[in-house]
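Good morning, and thank you for coming.

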Amino acid sequence: MLKIKKILLELLYPKSAKCCICGNTAREAVCSSCLTALEYLEGRVCLKCGKGLEEDYPDNTCPDCKGDHKHFELAFSCFSYKDRGKDIIHKLKYEGCRDAAYVLARLMYQKLRDENVSFQAVVPVPIHKSKLETRGFNQAGLIAERISQLSGTDFWDCLLRTKETTEQFKLDKIHRILNVHDAFCKNMMYNGVKYADIVLVDDVYTTGSTVNECSRILKQHGVQRIYVITAATGSNT
Ligand SMILES: [Zn+2]
Ligand SMILES: [Zn+2]
């Protein structure tokens, strides 16, 4: 009888988790005070890539976007890649705190709603097979899958990473472009499916070379409009 009572109580009041950042009791993988401490991108942002702008630029477009042709329509991000924001991404990617992906997905889905983005499918930026074997999961895949559940759209894991690339943050702009050039292809298992508007998901946006290259491939395969959503972005460089 006691056992049943215990099970019922656990069902009614599930044990609260610990915040993966500060260790405090939390309802999710990241507690509300750590989420409040994030530097949300709400003020001046680039109208193309969504990066925070520290100074005035003509047309509110950052120098990265001025020079390059972007294959995606627009990119949005939730918070700056620093302090607590950086900690969350690191916990997810390098310390296996998978549940942080669901917290990020919720923030990212909210951003897409705020921006009135309409889409039929969610595509993750893929990681290379060898990295998948070491890490055990693709963080962008976890986030994308949850966004597709929250939005009631399809999860479309249709890209493959064919080249193992150096981490983008270690490179300058030119090398970032070269690094990801021809690093992706479409997974042929997904032939025949067509979506007009998709959301492309990654964890961090730096110069946008990775998402731009993925967008190029998606467009080659018939996607008309690509909207990029990342959890965090570096400030303008
Ligand atoms: Zn916390
Ligand atoms: Zn920009």
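Predicted model: local features only at pLDDT ≥ 70, side-chain atom pairs only at ≥ 80, totals over all residues.

On one side of the contact between H5 and H7, H5 contributes Ala101, Tyr102, Leu104, Ala105, Met108 and Tyr109. These meet Gln139, Leu142, Ile143, Arg146, Ile147, Leu150 and Ser151 in H7. Two residues are in contact here if their C-beta atoms, placed from the backbone, lie within 7 Å. By class, this contact has ten nonpolar, two polar and one charged residues. The nonpolar class is Ala, Val, Leu, Ile, Met, Phe, Trp, Tyr, Cys and Pro, the charged class is Asp, Glu, Lys and Arg, and the others, Gly among them, count as polar.

Residues are numbered from 1 along each chain as its sequence is written, and chains are lettered from A and ligands numbered from 1 in the order in which they are written. Helices (H or I, at least four residues) and strands (E, at least two) are DSSP runs, numbered from the N terminus.

Now the geometry of this pair. Two packed helices are described by the angle between their axes and the distance between the axes. H5 covers residues 100-114 and H7 residues 139-151; they pack at about 50 degrees, with axes 8 Å apart. Axes are lines fitted to C-alpha atoms, for helices over the stretch in contact, and angles run from 0 to 180 degrees between N-to-C directions. H5 and H7 are therefore oblique to each other; angles under 35 degrees count as roughly parallel, over 145 as roughly antiparallel, 65 to 115 as roughly perpendicular and the rest as oblique.

What else does H5 pack against? Helix H4, residues 83-94, packs with H5 at an angle of about 130 degrees, their axes 9 Å apart. H4 and H5 are therefore also oblique to each other. Ile88, Lys91 and Leu92 of H4 make this contact with Ala100, Ala101 and Leu104 of H5. Its residues divide into five nonpolar, no polar and one charged.

Let me turn to the loops. Asparagine 116 counts as exposed because it has 6 C-beta neighbours inside 10 Å. The cut-offs are 20 or more other C-beta atoms within 10 Å for buried, 12 or fewer for exposed, and partly exposed in between, with C-beta atoms placed from the backbone.

Aspartate 59, in the loop between helix H2 (32-36) and helix H3 (63-67), likewise has a positive phi of about 55 degrees although it is not a glycine. With 10 C-beta neighbours inside 10 Å, aspartate 59 is exposed. Tyrosine 57 lies in the loop between H2 and H3 and, with 16 such neighbours, counts as partly exposed.

Finally, the whole chain. The protein chain has nine helices and nine strands. Its radius of gyration is 19 Å, close to the 18 Å that the globule rule gives for 237 residues, so it is as compact as a globular protein of that length. The radius is taken over C-alpha atoms, and the rule is 2.2 Å times the number of residues to the power 0.38. Buried residues make up 40% of the 237 residues.
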